[in-house]
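Look at the sequence and the structure together. The paragraphs that follow lead from one residue to its surroundings, and then on to other parts of the chain.

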Amino acid sequence: MKNYQSKSSFSVKLITIGIMIVMGIVVFSIFTLNEKYGTMSGILISLIILSTLTYFFANSLKKIIIGEKNLTLEKNIGKIEIPFSDIIKIEKLDFSNLSMTYGSKGVFGYIGNTMDDSIGMVNDRKNMVRIITKEKKYTISSDRPNELMNDIKNVLQQRV
């Protein structure tokens with residue numbers, strides 16, 4: 001079993017901290033402008049903001065584990081297991097501006113669905129890898145993308 005970390009790039013950290021500060025100011029402002037919005041709307045908006053940030057944090061990729069039968073994408077909360085038998089292709093992607101159909105564009109990473117119908121869990125756009133399976137495509141990032149690709153390719157070749 002081999003582990004590969006997926007650490008956030010400087011830009012992802014900067015975007016995440018910036019958005020969290022802005023959202024904190026928004027929530028604080030809503031509660032201090034009590035007359036106009038009211039306490040209930042302040043609580044409701046706060047819950048929406050908090051649940052959105054929690055969702056993106058939970059789905060942010062933490063590490064990639066190469067097991068005996070599966071490739072595991074471990075998120076902060078939960079995991080996705082991809083059987084090696086389902087993997088069709090793996091490729092390294094160049095630095096790009098990920099076009100999302102929906103999701104986070106930098107808050108805790110680039111998380112969501114991309115325009116090319118891929119599930120994005122990218123923390124560093126300079127170290128991206130795409131895994132194409134029979135049913136889905138995953139765009140992920142790793143601190144050591146070349147080693148990750150070689151190890152997955154080796155496991156796939158041994159399975160044939």
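The model is a predicted one. Lysine 89 belongs to strand E5, which covers residues 87-93. Apart from neighbours within four places in sequence, lysine 89 is in contact with Arg130, Ile131 and Ile132. Lysine 153 is 64 residues from lysine 89 along the chain, yet the C-alpha atoms of the two are separated by 8.8 Å. The side chain of lysine 89 also makes a polar contact of 3.3 Å with the side chain of glutamate 91.

Lysine 89 leads on to a group of charged residues. A network of salt bridges links Lys89, Glu91, Asp116 and Arg130. Within this group, the side chains of arginine 130 and aspartate 116 form a salt bridge with an N to O distance of 2.5 Å. Arginine 130 is in strand E9 (residues 128-133), while aspartate 116 is in the loop between strand E7 (109-114) and strand E8 (119-122), so this pair ties together parts that are 14 residues apart in sequence. Are these two residues buried or exposed, or partly exposed? Arginine 130 is buried, because its relative accessible area is 14%. Aspartate 116 has a value of 29% and is therefore partly exposed.

Arginine 130 is also touched by threonine 139. Threonine 139 sits in strand E10 (residues 137-141). With a relative accessibility of 1%, threonine 139 is buried. Leaving out residues up to four places away in sequence, the residues it touches include Leu93, Ile119, Met121, Val122 and Met128. Ser118 is another of its contacts, and the side chains of threonine 139 and serine 118 are joined by a polar contact of 2.6 Å.

Now turn to strand E3, residues 70-75. Why is E3 described as largely enclosed by the rest of the structure? The reason is that five of its six residues are buried. E3 pairs with strand E2 (residues 61-66) in the antiparallel sense, over five bridges. In this pairing, leucine 61 has lysine 75 of E3 as its bridge partner. Three residues lie between E2 and E3, and the two strands form a hairpin. E3 is also joined by five bridges to strand E4 (residues 79-83), again running antiparallel. Here leucine 73 stands opposite isoleucine 80 in E4. E3 and E4 form a hairpin too, with three residues between them, and glycine 78 in the turn has a positive phi of about 95°.

Side chains connect E2 and E3 as well. Glutamate 74 and lysine 62 meet in a salt bridge of 4.0 Å, N to O. Glutamate 74 is in E3 and lysine 62 is in E2, so the pair ties together parts that are twelve residues apart in sequence. Lysine 62 is partly exposed, with a relative accessible area of 39%. The structure holds seven salt bridges; one of them joins the side chains of glutamate 147 and arginine 144 at 3.5 Å, N to O.

The surface has a nonpolar part too. Phe31, Met40, Ile43 and Leu47 make a nonpolar patch of about 410 Å². Helix H2 (residues 34-58) gives the most to this patch, with three residues. Isoleucine 43 lies in H2, and its relative accessibility of 36% makes it partly exposed.

Conventions
Residues are numbered from 1 along each chain as its sequence is written. This is a predicted model: local features need pLDDT of at least 70, side-chain atom pairs count only at pLDDT 80 or more; totals for chains, interfaces and linings use all residues. Side-chain values use heavy atoms; hydrogens and water are left out. Helices (H or I, at least four residues) and strands (E, at least two) are DSSP runs, numbered from the N terminus. Contact means heavy atoms within 4.5 Å. A polar contact is a pair of N or O atoms within 3.5 Å; within protein, one must be able to donate a hydrogen and the other to accept it, and residues adjacent in sequence count only if both atoms are side-chain atoms. Patches are made of residues with over 30% relative accessible area and no salt bridge: like charges are joined within 9 Å, nonpolar side chains (Val, Leu, Ile, Met, Phe, Trp, Tyr) within 5 Å. Accessible areas come from the Shrake-Rupley method with a 1.4 Å probe; for residues, only the protein chains shown count as cover. Buried means under 20% relative accessible area, exposed over 50%, partly exposed in between (1.4 Å probe, protein chains only). Two strands pair if DSSP finds at least two bridges between them.
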